[in-house]
Structure formats: structure tokens, C-alpha cells
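Subject: Structure for you to look at

Hello,

Here is the structure you asked about. My notes on it follow below.

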Amino acid sequence: MEESPAILWGAPMNKGIPHAVTITKVVRETPKIRTFFLSESFGFTPGQFVMVWVPGVDEIPMALSGENSISVQEVGDATSAMFRLKTGDLLGIRGPFGVGFSVEGKALAIAGGIGAAPLFPLAMRGSTGVFLLGASTGRDLPFRKALAEKTALRIATDDGSSGHHGPVTDLLGDLDLRAFDHICVCGPEPMMRGVLKHLQEEGIAGRGLFSLHRYMKCGVGLCGSCAIDPDGIRVCREGPVLSGDTLLRSEFGHYTRDASGVRKRVW
Amino acid sequence: MIRSPAGPVRVGGVELRNHLILAAGILGTTGASLARILKSGAGGAVTKSIGPEPLDGHPGPCLAVLADGVLNAMGLPNPSREFVRELAPLAGEPVVVSIFGGDPEEFAMVASWFAGSAAGFELNLSCPHAEGFGSALGTDPALVEECTRAVKTLGRPTWVKLTPNVTEIAEIGAAAGRGGADAIVAINTVKAMRISVPMGRPVLGNRFGGLSGKAIFPIAVRCVYELYEACEVPIIGCGGISTAEDVVEMMMAGASAVEIGSAVLEDIGIFAKIARDLYTPDGREPGDLVGCAHE
């Protein structure tokens, strides 16, 4: 299994210890999602993440949505605190960490809501042939304009206010999945498990690349809080992007663990 | 280097597959993660510290990787009694359960949950960044003795992990010995702090944390050396070990086995890697090596 490069002793300080960056611009993508542009750029593979320190609140993992940006949905204490920040305020960044989307050839992207954040830079680099984007309602679809200019964008909403009326996985029926070398997925876990089921039925689970969300504390593969069953794969180090065949017999789509390590169902 | 063990290595009442043990707090939150480390060459594994109630731990940042060490303040996150279920598939494996509590009764209660499944217990009397736990108790010889005795009554092998953040570590080691410890583990992290200059505030969410990794290896060697002179109980060396030569040095100071933690950052296959270098057909007998620097 691929592992992200070791954070060796003597690594640059901005890799291991939070590096202070300034917020240069805040863009409202949807009523619930904002993109924070940072004073520094990071060399990264789409799908890699950074640990974002909101001073005085907490540190949370977030996918880079661009070389100098993170896109955030307000879900908890740390993200709510971020939404109160403005241009000129400081954030601490560790990373980028983990293994991203390793893509060659033709890729299909499937995103649910804020799950579009790690897939957006993949599309901007011209790596996605088709991009399926879903959300509960039309105004919750992020990056819509930029994506439409760069890739074949197809939309689905739960309330039918934009695009197909139904879950984004409905759009898979119109596509020849076997025509894609990679199927890159990020969104709510039940949706991702649904995609994996489709791929399994087509006999191409291994072409699926899924970006997992797990509770992370250290971000560098030491603490084990993000390890998944049954093989103890560290989502922060060997992931967060993991292949479908690795996930078939795993906890993925069934349960996760909270900050204390207690198991929780994923829906 | 040392000769390969012909059979299990017995240290502090626990049968290990080799002299290299996963240290507490590293990858020990789930049963699957512990199984992975054992499969990858560790001779034994110590779990994440388990306490009387589930804890989420401190707010982040919880960890920073420094030039030659790791600074952390996790805050003892643990699922408490639910961890019994995590360990069920590991029955019979060399898994030592690390436990903590606020007093001897809590230590004994937590240990009792695992009395049927653990190969042994390691008492966390040394975490430097959890109020009311760890080193809050572990700096008081009388409390160390009481906590050790309380767990030892369960009749399982009992190891006591010590903090280096005391004036005389040998006094604490002697107290663990009086309480009936089967082994002393030395050392836990060294209390430490970094401050972000641009932010003007401590880097860790908890402000204070513990330093591990290469930076503390000389402190660990000194502590093991002092404990070996003062105590009869076998010692397990811990703190900054990342090579086979470090293992040999720790043994010369007086350690019968070692625990490895932060070096997992470099390579999760570190146990097999060190074992390959450590065990040689023409190596010395471990028994001749342990404490030889004292002669």
C-alpha cells in the first residue's frame, strides 16, 4: 500500500509545526461553504489535506481546494470560528499530508456537497472528463461556474431545484463506467458506499478512489485515531484517498469512531 | 548486536516475541491497529491508555513534529470500557493494556475490565499533560506504591511507566517495586512547550505537552541507568529509540527490553527493520548485555 512520504526528523518546520499564514480573501461559495485564500501556496496532489489551526479553538483536517485555498462548510466549533475570521486574520497550517488522487488517463469525479473541495483542483488541472456534482438543493452546489468551464458537469439535487431530481448516484446509470480509468469520489459516506457498490457490480472496484473522512488528531500516522478496520489502515497517512478494492471489506460505509474511539454508525 | 531469541522473551511476567514493544499512545486506539503492528514485527504492544470514562482529549493542535522529536498533548482520549470489545480479537496476543485513573481504586477498576484478556497491565503514572491523572500521581512515591499494589492484586503482570519529570526517578521506581511491580517502564515524555512566534501563543491546544523522539534518548538512558542501580525490578527502556544500536545502548544501561513509539513516524515497519539489524547469529547473549555499562 502506498504511504505518504515520511515526515523525517529535520523536516522543514512548516511541515511538522503549525505554520502561520494570513487569510488574503474569503469567497462565499454557497450559503454554507466559504473558500479561504491563504498568503502561501503549497505544492500538493489533489486529495491531500492540511491540518488547520484556528487559534484558541481547535485544529481540524481539511482538503486543499487549491494550492493556496481551503473550502470549508460550517459544521462544528472550529468551522464556525473560521466563519468569523476575515481577511488579515491568521491560521496555522501543518501539511500537506496523506496520499491524494493518483490519476492517469480518463477520470470521472463524483462529489456530494462540500465533498467537491478535494475534487475541484483535480478538475481545474484538467484531469476529469466528467464531473458529477450533487447537493440537497441548487444553491448548495459549490464551484458550479468554474467546473462548468473546465469539465463536463452534470448536476443532481435532492429537491430537483437544479439538474436531475434525485441522488447524484442516479447519474451513474447514464454513464459507461468502464470507459473511465479512475472514478474519484468524495461526499457523505453512504453516497460513497453506493458508488462503490456500483463499481463492484461492474467488476471495477479497484478503479474507485474514495476520499475518506475520519476523526484525526495527529495527522501524521502516529496516534491511530483515524485507523480503519479490519487492517488498521491510517486514513491520515495511507489515505485519505483509498482504492475501492481496499475498502470493500472494511468498516467504510458501516461505522466510524468518534474522538474518544467509541464506534458510531455513519448515518 | 544480540543473538536471536530461541523462544519467547519473558520480561516482567509477559511473554514477548522479541525485545521490541510498541509504546503506549502510538497506534493503540483500535484492535486492528494493534494487530497490524504485531504482524509487522513488534514483539509486543502496549495499548492507548484506557481510563474510567470515555475522553475526547484536548483541543488541537495535539501534536507537532520538531527537528528531532515529537511534541504532543493528546489528553488521554480513550473509549474506556468499550475498549474491551476492541481487544477481543487479540486474545492470547502479547498485548499489554495501559491504564490510568485518578486514584488506586480507579486503577483497579479499569484493570479489572481487562483481567481476562490482557497479557499484562502498564500503569500510566506519567502522562505530563492530563490534570489529575498520570504524572499528577506519578511524582508521589506513596501514590505510585498504592496504585501498583491495587492493580497487582488482580494477579496479572503489572508494569509501571515512570515520568522523568521528577528530581529522583529512582525513588519512584523503588516505590513501584514495593507495590509489587513486575517491571518498570522508563520513561514517558518530558514536559515541554513550543510557542508560535507569529501567533504569540503556545502551539499545543493544551499549552503544555510531552516531548518524545530522538531528542529525549539521552534522558531516557540516564533514567534507566539510575533505576538499574536502585531497583531490583526489571526495566523496560523507552524514549527516543529508533535504531538497533539504540536498543543495545538501552540494554547496556540496564533495560531488559525496549518500547518504541515516535520512530513509527519514519516508518511503520520500524520494528522489523530494527529486528533485522539487532539480531545476528554471532551477537552477544542479551543476559550478558543488560546492565553491562555498570561494571
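Between the two chains, 41 residues of chain B are in contact with 34 residues of chain A (contact: C-beta atoms, placed from the backbone, within 7 Å). On the side of chain B that touches chain A, helix H1 (31–39) and strand E5 (63–65) of chain B each give two or more residues. H1(B) gives the most, with four residues. By class, that side of chain B has 23 nonpolar, nine polar and nine charged residues (nonpolar: Ala, Val, Leu, Ile, Met, Phe, Trp, Tyr, Cys and Pro; charged: Asp, Glu, Lys and Arg; polar: the others, Gly among them).

This is a predicted model, in which local features need pLDDT of at least 70 and side-chain atom pairs count only at pLDDT 80 or more, while totals for chains, interfaces and linings use all residues. Residues are numbered from 1 along each chain as its sequence is written, and chains are lettered from A and ligands numbered from 1 in the order in which they are written. Helices (H or I, at least four residues) and strands (E, at least two) are DSSP runs, numbered from the N terminus.

In helix H9 (residues 270–278) of chain B, the residues B:Ile270, B:Phe271, B:Ile274 and B:Leu278 are buried (20 or more other C-beta atoms within 10 Å of the residue's own; exposed is 12 or fewer, partly exposed in between). Their arc around the axis is only 100 degrees, so they lie on the same side of H9(B) (the arc is that of the directions from the helix axis to the C-beta atoms). Among the elements covering them are strand E3 (20–22), helix H8 (244–253) and strand E16 (255–260) of chain B.

Regards
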